[in-house]
Amino acid sequence: MFELLGVPPQVLMGQLLIGLINGSFYAVLSLGLAVIFGLLNIINFAHGAQYMMGAFVAWMLLNYTGIGYWPALILAPIVVGAIGIALERTMISRLYKLDHLYGLLLTFGLALIIQGLFRNYYGVSGLPYAIPPALQGGQNLGFMFLPNYRGWVIVASVIVCFSTWFMIERTRLGAYLRAATENPELVGAFGINVPRMITLTYGFGVGLAAFAGVLAAPIYSVNPNMGADLIIVVFAVVVIGGMGSIMGAILTGFGLGVIEGLTRVFYPEGSAVVIFVIMAIVLMIKPEGLFGNNA
Amino acid sequence: MTDAATMPRTATTGEALLTVSGLEGWYGESHVLHGIDFEVRRGEVVTLLGRNGAGKTTTIKAIMGLLGKRKGSVKLEGTETIGLQARHIARLGIAICPEERGIFSSLSVEENLHLPPKLSEGGLTVERIYDLFPNLKERRRSQGTKLSGGEQQMLAIARILRTGSRFLLLDEPTEGLAPVIVQQIGRTIQALKDEGFTIILVEQNFRFAASVADRHYVVEQGRVVDMIPNADLDANIDKLHAYLGV
């Protein structure tokens, strides 16, 4: 077996896998943030709370109604997305003409309230959510052992990210979305209902967060703070990739997950800060982000 | 200055498609339109002439519902549109080609062309549009804003021809373009007129305006101050020069 700089391949591959899994969550979450920011100009600080809600809705479906993982993967994003739509209609839509800061403050406040409510009713110790039977066990790949569920998380994230990218960059609906991101007034003057498109886009972005939450439920324990811990890193990912860039958010998400994993192998002390160091460097060299444009 | 109420309004026959009366408009706090009155009949090409800042573009935007605040009356085929949002006004069969062209940089030429939804029957087919503007066909895969200024202008006109809207608002379509392209746009407007389109044209270049229009409204300080039928343009040329400050 080969060794790289004295690191056994099992360790390297193991951390690479963890990196890819973290990267999957970074990618799906930063994708949702990028889609929302692109069209709404809102920095959705409630994204982490909405991710947490996705995991909790999956848990509630299972424990209160007996609905299992697979339906929850569809239902939880719909439920949380619908809550997002209600928030957009009643509160967020009032802020579009104001500075970004107001949207950030509102969604940050909403995140605190949502997390507080869940902490109040469910505590902070975390609730278990079992891996669905079809994905238990794992594969021995020779150089490492790959748990099936972790493989599924990566595959599902790649599929969701690619589908979202395809929908936005290659379809008629996506063309409306891109055009409305650039010039909503003119798109409205062509007879398109832009406010409804904005509402649905927010619901979709929130649904993506909830989807990531359901994916995360069997890996991390379901607890009210799970989103708050993650969202700060995800924001760094979005800043590095460039606000509003779809492919940028996806590639940066996976890429930074892997870089973080590798840092854990070669310089464990740096793994918690490596993403922020990269963010600082990117901001100095290319403030609009790796995939952002100046326009 | 001619009083709007006594202005000749019978230059051509036919029903009024658009009747604008007492239209006032604001950009934020600044009051730009102070009571615009004019009308356009079906099948006419009418220009709004006037100096920079007279309120021509603002009038177009106000008709389309793109102004933050407007007052007065804008009737389209008898339907009052002053309280409607832009998307509802668009669905009444009116389409705008804005001064800044509004080509979307994140969309290809083809996507830009297909962006405005078809709102009614009677629009031009894509084949017919590519006949009118062969350049666009060649470059349909390019990014919208990679086109030359003239091509972008053609695209901005072309995409509203697909929608079935028969009433077009063209804001300075010849601005900053080479003479050969101005001619091509002139031929296009003539072709559209022959097909029965109704057009309001905002122009600085009144030689160009004279080559395609039926009537000219002169806008000054947010009001319509005169109307000159195209046939009487030569007789009124000195007056027009005075209005335009040329």
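1. Ile192(A) touches Tyr176(A), Val187(A), Arg87(B) and Pro117(B), leaving out residues up to four places away in sequence; two residues are in contact if their C-beta atoms, placed from the backbone, lie within 7 Å. The model is a predicted one, in which local features need pLDDT of at least 70 and side-chain atom pairs count only at pLDDT 80 or more, while totals for chains, interfaces and linings use all residues. Residues are numbered from 1 along each chain as its sequence is written, and chains are lettered from A and ligands numbered from 1 in the order in which they are written.

2. The setting of Ile192(A) deserves a description. Ile192(A) lies in the loop between helix H7 (184-189) and H8 of chain A; helices (H or I, at least four residues) and strands (E, at least two) are DSSP runs, numbered from the N terminus. Ile192(A) is buried, with 21 other C-beta atoms within 10 Å. The term buried requires 20 or more other C-beta atoms within 10 Å of the residue's own, exposed means 12 or fewer, and partly exposed lies in between, with C-beta atoms placed from the backbone. Pro128(A) is 64 residues from Ile192(A) in sequence and 45 Å from it in space, C-alpha to C-alpha.

3. The contact between the two chains involves 19 residues of chain B and 15 residues of chain A. On the side of chain B that touches chain A, the elements giving two or more residues are helix H2 (86-90) and helix H3 (109-114) of chain B. H2(B) gives the most, with three residues. The residues on this side of chain B divide into twelve nonpolar, four polar and three charged. Here Ala, Val, Leu, Ile, Met, Phe, Trp, Tyr, Cys and Pro count as nonpolar, Asp, Glu, Lys and Arg as charged, and the others, Gly among them, as polar.

4. Chain A has eleven helices and two strands, in the order α-α-α-α-β-β-α-α-α-α-α-α-α along the sequence. Its radius of gyration is 19 Å, close to the 19 Å that the globule rule gives for 295 residues, so chain A is as compact as a globular protein of that length. The radius is taken over C-alpha atoms, and the rule is 2.2 Å times the number of residues to the power 0.38. The C-alpha trace of chain A spans about 65 × 50 × 35 Å along its principal axes, and 48% of the 295 residues are buried.

5. Helix H8 (residues 194-216) of chain A has 23 residues and reaches 33 Å from its first C-alpha to its last, close to the 33 Å expected at 1.5 Å a residue; the expected span is 1.5 Å times one less than the number of residues. Because 18 of the 23 residues of H8(A) are buried, this helix is largely enclosed by the rest of the structure.

6. How do H1(A) and H8(A) lie, and at what angle do their axes cross? The axes of helix H1 (residues 9-40) of chain A and H8(A) come within 9 Å and cross at roughly 170°. That makes H1(A) roughly antiparallel to H8(A). Axes are lines fitted to C-alpha atoms, for helices over the stretch in contact, and angles run from 0 to 180 degrees between N-to-C directions; angles under 35 degrees count as roughly parallel, over 145 as roughly antiparallel, 65 to 115 as roughly perpendicular and the rest as oblique. Residues of H1(A) including Phe25(A), Val28(A) and Gly32(A) meet residues of H8(A) including Ile198(A), Tyr202(A) and Gly205(A). The residues of this contact divide into 16 nonpolar, three polar and no charged.

7. Chain B has nine helices and ten strands. Its radius of gyration is 17 Å, close to the 18 Å that the globule rule gives for 246 residues, so chain B is as compact as a globular protein of that length. Of these 246 residues, 46% count as buried.

8. Most residues other than glycine have a negative phi. Glu77(B), however, has a positive phi of about 50°, and Arg101(B) has one of about 75°. Glu77(B) is found in the loop between strand S4 (69-76) and strand S5 (79-80) of chain B and, with 15 C-beta neighbours inside 10 Å, counts as partly exposed. Arg101(B), in the loop between strand S6 (94-97) and H3 of chain B, counts as buried with 21 such neighbours.
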